[in-house]
Amino acid sequence: MPSHPNSVTIIGTGSYAPSNVVTNDDMAKIVDTSDEWIRTRSGISARHFAAADETTSDMACAAAERAIEAAGIERNEIDLIIVATMTPDMPFPSTACLIQSKLGLPNVTTFDMQAACSGFVYALSVANSMLLSGNFNKALVIGAEKMSGILDFEDRTTCVLFGDGAGAAVLSAEQTTEKVGILGVLGGADGSNPSLLQQPAGGSAIPATTESIASRQHFLKMNGKEIFKAAVRVMGQASTDIIEQQSYDPEDLNLVIPHQANMRIIESLAKRLSIPMEKFHNNLDRYGNTSAASVPIALDEAYRAGRIQSGDLILLVAFGAGLTWGSTLIKWQ
Ligand code: ACO
């Protein structure tokens, strides 16, 4: 382990999506909707849904295996696992613990983080600090969600928007002559109106009862219009703030990987930053909104597609339930 690490770099990425692809036409067989409505309002054409017996930790492990292989390290070099999810296998133990066992990793520090769709960006921030402390050397950071398990397939305003999947990154603490990798992180939250986007039941406020199940309180509820307005505002602010914090200009960015929730939100971000859509990596059309998995899946896809080169300046930016938001600026190494 380097005694005084000054940089944290991403040395491998991986992702996984379940094999079951559900098109908008398939969704139109379940709820009163159409391919045309979903595509024009959100930009989504299809999403992946996990099998009934496929869990968040299963998907996370598949993504993690690919990230570890890409990093070219022995898995027992990992000494920290952070899993961002709002759809854990169960309330406890943590999904991170289940993953540690499934991957056959030795005794490591593992925990889950919950910041909804901002979860992966929040987790990168925490992993970055823990690695810079010198107490950890290699972190596995995962965003994984089985959204289909909390969707109300009688609510057309929400069920057409989300999908399942997982993305992972291996982070390494390094001693470098100039700072590379994660240059800076920002996070924010406004918890004053949690009902804008929530899963009301299943926690201490509304424990599971026959009534809570009958009234469909265990499913995701969203005020799409209000979330849309907030998303446009906070995605823009989180992006300009981190760029300014690190003394760059938007035109210095080589690639932006935004949370994949709605193409109109992403287009408004491009406009706010005055940079062309070609500088964004989007896969919303094929995945829908996979919450905490969306940024790491897109990051892995972009890397494997050759869109990320050493020295590139990359912005990750996300928002989610809470509300939460976060951004990370990376000088890829
Ligand atoms: N199919 C057909 N019609 C629909 C559907 C559907 N699936 N869903 C809603 N409609 C109807 C509505 O009932 C409404 O009809 P009405 O005018 O007769 O009442 C009409 O379409 C328009 O609905 P709006 O809500 O005004 O549609 P809007 O243009 O705002 O788009 C959307 C809705 C796509 C949900 C948008 O508001 C949005 O993307 N919001 C942000 C959501 C988001 O980003 N969520 C992720 C947060 S991240 C996390 O932490 C999980």
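# Chatting through the model

Trainee: Where does Met-86 sit?
Mentor: Met-86 is in the loop that runs between β4 (80–84) and α4 (95–102). Helices here are DSSP runs of H or I with at least four residues, strands are E runs of at least two, and both are numbered from the N terminus.

Trainee: Before I go on, what kind of model is this?
Mentor: It's a predicted model, where local features need pLDDT of at least 70 and side-chain atom pairs count only at pLDDT 80 or more, while totals for chains, interfaces and linings use all residues. Residues are numbered from 1 along each chain as its sequence is written, and side-chain values use heavy atoms, with hydrogens and water left out.

Trainee: Back to Met-86: buried or exposed?
Mentor: Met-86 counts as buried, because its relative accessibility is 17%. Buried means under 20% relative accessible area, exposed means over 50%, and partly exposed is in between (1.4 Å probe, protein chains only).

Trainee: And which residues is Met-86 in contact with?
Mentor: Setting aside neighbours within four places in sequence, Met-86 is in contact with Gln-114, Ala-116, Glu-145, Met-147, Ile-150, Leu-220 and Ser-291. Contact means heavy atoms within 4.5 Å. Glu-145 is 59 residues from Met-86 along the chain, yet their C-alpha atoms are separated by 6.8 Å.

Trainee: Which other residue has a positive phi although it is not a glycine?
Mentor: Arg-216 has one, at about 60 degrees. Arg-216 is in the loop between α7 (210–214) and β10 (221–222). Its relative accessible area is 26%, so Arg-216 is partly exposed.

Trainee: What about cis peptide bonds, say the one from Phe-92 to Pro-93?
Mentor: That bond is cis, and its omega is near 0 degrees. Pro-93 belongs to the loop between β4 and α4, and Met-86 is in that loop too. The bond from Gly-322 to Leu-323 is also cis, with omega near -5 degrees. Leu-323 lies in the loop between β12 and β13 (324–331).

Trainee: New topic. Which domains does the chain have?
Mentor: The assignment gives domain 1 (7–174) and domain 2 (181–331). Those bounds come from an automatic or database domain assignment. The C-alpha centres of domain 1 and domain 2 are 14 Å apart.

Trainee: How many residues of each domain are in contact with the other?
Mentor: On the domain 1 side it's 52 residues, in contact with 46 residues of domain 2.

Trainee: What volume does the largest pocket have?
Mentor: About 800 Å³. It has 30 lining residues, and the ones closest to its centre are Met-86, Pro-88, Gln-114, Gln-199 and Ala-201. On a 1 Å grid over the protein atoms alone, a pocket is an open set of points where a 1.4 Å probe fits, with protein on both sides within 12 Å along at least five of seven lines, and lining residues have an atom within 4 Å of a point. Points are joined across faces, edges and corners, and the volume is the space filled by probe spheres set on them.

Trainee: What is the lining of the largest pocket made of?
Mentor: The lining divides into 15 nonpolar, twelve polar and three charged residues. Nonpolar is Ala, Val, Leu, Ile, Met, Phe, Trp, Tyr, Cys and Pro, charged is Asp, Glu, Lys and Arg, and the others, Gly among them, are polar. Domain 1 and domain 2 each supply at least three residues of the largest pocket's lining.

Trainee: And what volume has the second largest pocket?
Mentor: About 640 Å³. Of its 24 lining residues, the closest to the centre are Trp-37, Leu-161, Met-222, Gly-224 and Asn-262. Two or more lining residues come from each of α2 (35–42), α6 (156–159), α8 (224–245), α9 (263–273) and β12 (313–320). The most come from α8, which gives four.

Trainee: Where does the second largest pocket lie relative to the domains?
Mentor: It lies between domain 1 and domain 2, because both give residues to its lining.

Trainee: Last one: how many disulfides does the search find?
Mentor: Zero in the whole structure. For Cys-61, the nearest cysteine sulfur is that of Cys-97, 12 Å away. A disulfide here is a pair of cysteine sulfur atoms within 2.5 Å.
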